[in-house]
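Here is a brief report on helix packing and on the surroundings of a ligand. Please have the chain in view while you read.

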Amino acid sequence: MSFLNVRQKETLKLICDTFVPTLQCETGEDERVFRYCASELGVPGQVEIALEKASSDAQLSQLKTFLRLLEMRPVNGLTVRIWKSFSEMTLDERTATLYWWASSPLMMARTAFQGFKRTILAIFYAMMPDGAANPTWEGVCYPGPPALSSDIPHKITPLVVSDSVLKTDVLIIGSGAGGGVVAGELSAAGYEVMVVDKGGYYAEPDFHGREMESSQRLFEKEGLLTTADTSMSVLAGSTLGGGTTINWSASFRTPDNVLEEWAHDYGFSGATSADYQRSLDAVTLRVNVGTAESIPNRNNAMLEKGCKALCYHTDVIPRNVIGCEECGYCGYGCPFGAKQGTLKTYLQDAFQRGARIVVNAHVNHILIRNGIADGAELTLRDADGGSRQITVRARVVVVSAGTIHTPAILIRSGLGNGNIGANLHLHPVTVTFGVYDEPVEIWQGVPMSRFSRQFANLDGRGYGVTLECAPAHPGISAAALPWISGRAHKQLMQKLHRMSNIIVLTRDYYGGQVKVDKQGNPVLHYKVHPYDARHLMRGMLESLRIHRAAGAKELCSPHNAQMLFREGKDGDFETYLQRVEAAGFRGNAYALFSAHQMSTCRIGGDTARGAIDPSGETYEVKNLFVADGSVMPTATGVNPMISIMGVSHYIAQQIKAKL
Ligand SMILES: Cc1cc2nc3c(=O)[nH]c(=O)nc-3n(C[C@H](O)[C@H](O)[C@H](O)COP(=O)(O)OP(=O)(O)OC[C@H]3O[C@@H](n4cnc5c(N)ncnc54)[C@H](O)[C@@H]3O)c2cc1C
């Protein structure tokens with residue numbers, strides 16, 4: 001049964017068709033972009049399903065309140081000065097109403113706006129009705145996913161579980177950057193290893209690059225996870241290999257200043273040891289980190305060009321690939337097997353050594369006997385949609401479920417250290433756009449190959465922003481671009497192929513919190529602290545300068561209010577920057593993302609500073625280790641995969657010593 005009643009469904013359909021209306025083309029507009037409205041492609045039904053899957057109970061009840069309020073004449077009269085219910089309004093009136101909510105002083109109004117805007121626009125531009133190409137793609141010059149048929153066979157055979165109780169030496173929960181490395185290391189040392197992951201097993205033959213279907217299969221909450229107040233989209237992998245299967249391959253070692261901070265401020269003495277450096281060496285070797293295949297696509301070339309023109313730092317991003325075909329669809333899994341995530345490396349090694357790998361297996365809680373970990377209780381999802389409970393008994397349990405889920409598992413298992421769930425770092429990211437005369441095609445080529453750390457140390461103690469580029473296909477682009485009306489958004493989409501982006505990645509000093517709801521599910525509470533927001537603002541303004549220095553003719557800030565600057569038409573550039581700065585960062589009034597979650601079970605030299613001791617073991621339960629992004633004492637400031645692999649490799653050596 002749907003969470004919406006018939007009236008609410010009608011309102012939702014009208015909202016969809018206001019975000020994406022059918023419009024008559026004006027000069028220079030492409031019929032293929034302007035002709036279709038959202039309901040013509042079946043978007044309302046998809047949005048309803050997606051919202052129900054991705055939203056918490058609190059978020060769903062807010063959305064329903066929003067739908068109810070929209071149909072109340074007095075509410076619209078008092079807010080937008082239109083004394084009609086939403087369904088009585090013309091398209092222009094509905095547009096004015098939604099735009100009022102977008103820029104409203106009320107956080108609740110902006111929250112509801114964002115929730116609908118992102119989901120509706122992402123689905124409209126990403127979906128493939130009846131499996132065919134999206135009818136707008138030709139108009140936005142998007143070629144669609146390549147017609148590939150990989151002849152690389154599946155190389156891992158997940159365990160078919162028939163028993164209700166299984167046994168192993170080491171149970172590893174989660175198979176991403178952390179869990180994959182621990183599995184490889186402990187299996188190499190001769191231990192019996194079992195890896196369980198709540199995601200499914202997908203590999204080269206399954207990686208077709210279709211944006212919507214891939215997000216649904218491979219991402220946490222099908223790519224629609226947000227923080228509790230909806231202000232930030234949170235992207236994380238949930239598939240065998242975790243984030244390393246779908247990430248963008250940027251491979252940085254942990255910076256020395258970060259390691260010193262971990263050792264000095266948090267008592268993680270191993271961070272500055274030769275052993276830690278040896279762990280980084282080992283993982284970078286195994287996943288083949290290098291710069292030989294860091295060929296800049298046009299998006300990255302623009303970043304480099306703009307930085308050079310302004311004499312800002314810029315350099316090449318090392319990547320973990322072998323034989324990259326530069327197709328640009330690797331964010332949905334590499335169809336060529338070039339990306340050296342854990343799926344291709346550590347997990348594959350472990351599997352070949354006899355490790356058992358169980359997918360579609362959600363760990364509910366850890367079994368603990370007399371203060372010692374004894375295994376875990378899991379729910380297995382069967383192919384037919386059914387589910388069943390199983391128990392895995394183990395001598396050692398390693399929780400590597402990632403920064404969002406690891407604290408939830410520990411809390412559900414009764415652990416109470418105050419650092420569990422606290423200190424949530426998200427590397428908050430905003431994005432600016434530059435429009436060029438020539439094609440950029442942000443979906444094509446190596447997604448990340450150039451960066452700038454010109455503003456990485458804005459406070460003298462290592463906190464600031466890194467500037468990079470992000471690959472973006474039509475759905476995610478549509479969700480990120482400002483919306484002030486259906487026409488203005490379609491006009492922006494028509495320029496998408498000539499648009500570059502720069503992402504501003506903040507090393508957040510202040511953190512948020514992962515709490516669990518009544519069902520035990522994680523909920524992310526996070527607000528960008530004013531201290532970090534100052535850095536984000538500086539980065540955003542600098543990124544606009546870089547676009548311009550690289551030759552962009554139009555600039556666009558990430559604000560809902562669509563702050564455009566057209567060279568030669570909109571006056572003085574510095575005045576534009578002042579306007580953008582004055583718009584500030586009100587929650588849900590601008591595009592904000594996270595692809596890097598860290599620190600919710602941090603390592604600390606004592607129980608006040610951490611939940612995990614410097615060997616990776618929880619302070620509260622013996623033989624219960626954590627190895628993933630959650631153990632990082634602070635945000636790394638660089639893309640964290642290699643740091644997570646390095647820390648996990650280091651922890652694996654401590655587990656070996658203990659076993
Ligand atoms: C779109 C995107 C692009 C990125 N690009 C880069 C990049 O270029 N460079 C970089 O350094 N980093 C990048 N990252 C970040 C990087 O991939 C992650 O930081 C890293 O994978 C996190 O490792 P982890 O082990 O902490 O968790 P994950 O890799 O997220 O693995 C956790 C696994 O645990 C499983 N799990 C969770 N809960 C349970 C449960 N209860 N039971 C069983 N299994 C469970 C999940 O399904 C998941 O597979 C990117 C991330 C995203 C989303």
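## Basis

This is a predicted model. Residue numbers count from 1 along the chain as its sequence is written.

## H1 and H3

Start with helix H1, residues 6-19, and helix H3, residues 43-54. Their axes come within 9 Å. They cross at roughly 115 degrees. Angles from 65 to 115 degrees count as roughly perpendicular, so H1 is roughly perpendicular to H3. H1 passes H3 in a right-handed crossing.

Which residues make the contact? H1 supplies Lys9, Leu12, Lys13 and Cys16. H3 supplies Val43, Pro44, Val47 and Glu48. By class, the contact of H1 with H3 has five nonpolar residues, three charged and no polar.

## H5 and H6

Helix H5 spans residues 73-80, and helix H6 spans residues 91-102. The two axes come within 11 Å and cross at roughly 70 degrees. H5 and H6 are therefore roughly perpendicular to each other. Their crossing is left-handed.

On the H5 side, the contact involves Asn76, Thr79 and Val80. These meet Ala96, Thr97 and Trp100 of H6. The contact of H5 with H6 holds three nonpolar and three polar residues, with no charged ones.

## H12 and H20

Next come helix H12, residues 274-286, and helix H20, residues 641-658. The axes come within 8 Å. The crossing angle is roughly 120 degrees, which makes H12 oblique to H20. H12 passes H20 in a right-handed crossing.

From H12, the contact takes in Asp275, Tyr276, Ser279, Leu280, Ala282, Val283 and Thr284. From H20 come Ile642, Ser643, Met645, Gly646, Val647, His649 and Tyr650. Eight residues of the contact of H12 with H20 are nonpolar, five are polar and one is charged.

## The ligand

How many residues are around the ligand? There are 38. Those that come nearest are Asp197, Ser238, Ala250, Gly629 and Met641.

A backbone N or O atom of Ala250 lies 2.8 Å from a ligand nitrogen. A polar backbone atom of Gly178 is 2.9 Å from an oxygen atom of the ligand. For Pro640, a polar backbone atom is 3.3 Å from a ligand oxygen.

Technical notes: This is a predicted model: local features need pLDDT of at least 70, side-chain atom pairs count only at pLDDT 80 or more; totals for chains, interfaces and linings use all residues. Side-chain values use heavy atoms; hydrogens and water are left out. Axes are lines fitted to C-alpha atoms, for helices over the stretch in contact, and angles run from 0 to 180 degrees between N-to-C directions. Helices (H or I, at least four residues) and strands (E, at least two) are DSSP runs, numbered from the N terminus. Angles under 35 degrees count as roughly parallel, over 145 as roughly antiparallel, 65 to 115 as roughly perpendicular and the rest as oblique. A crossing is left-handed if the near helix is turned anticlockwise from the far one by less than a right angle, and right-handed if clockwise. Contact means heavy atoms within 4.5 Å. Ala, Val, Leu, Ile, Met, Phe, Trp, Tyr, Cys and Pro count as nonpolar, Asp, Glu, Lys and Arg as charged, and the others, Gly among them, as polar. A residue is near a molecule or strand if one of its heavy atoms lies within 4 Å of it. A polar contact is a pair of N or O atoms within 3.5 Å; within protein, one must be able to donate a hydrogen and the other to accept it, and residues adjacent in sequence count only if both atoms are side-chain atoms.
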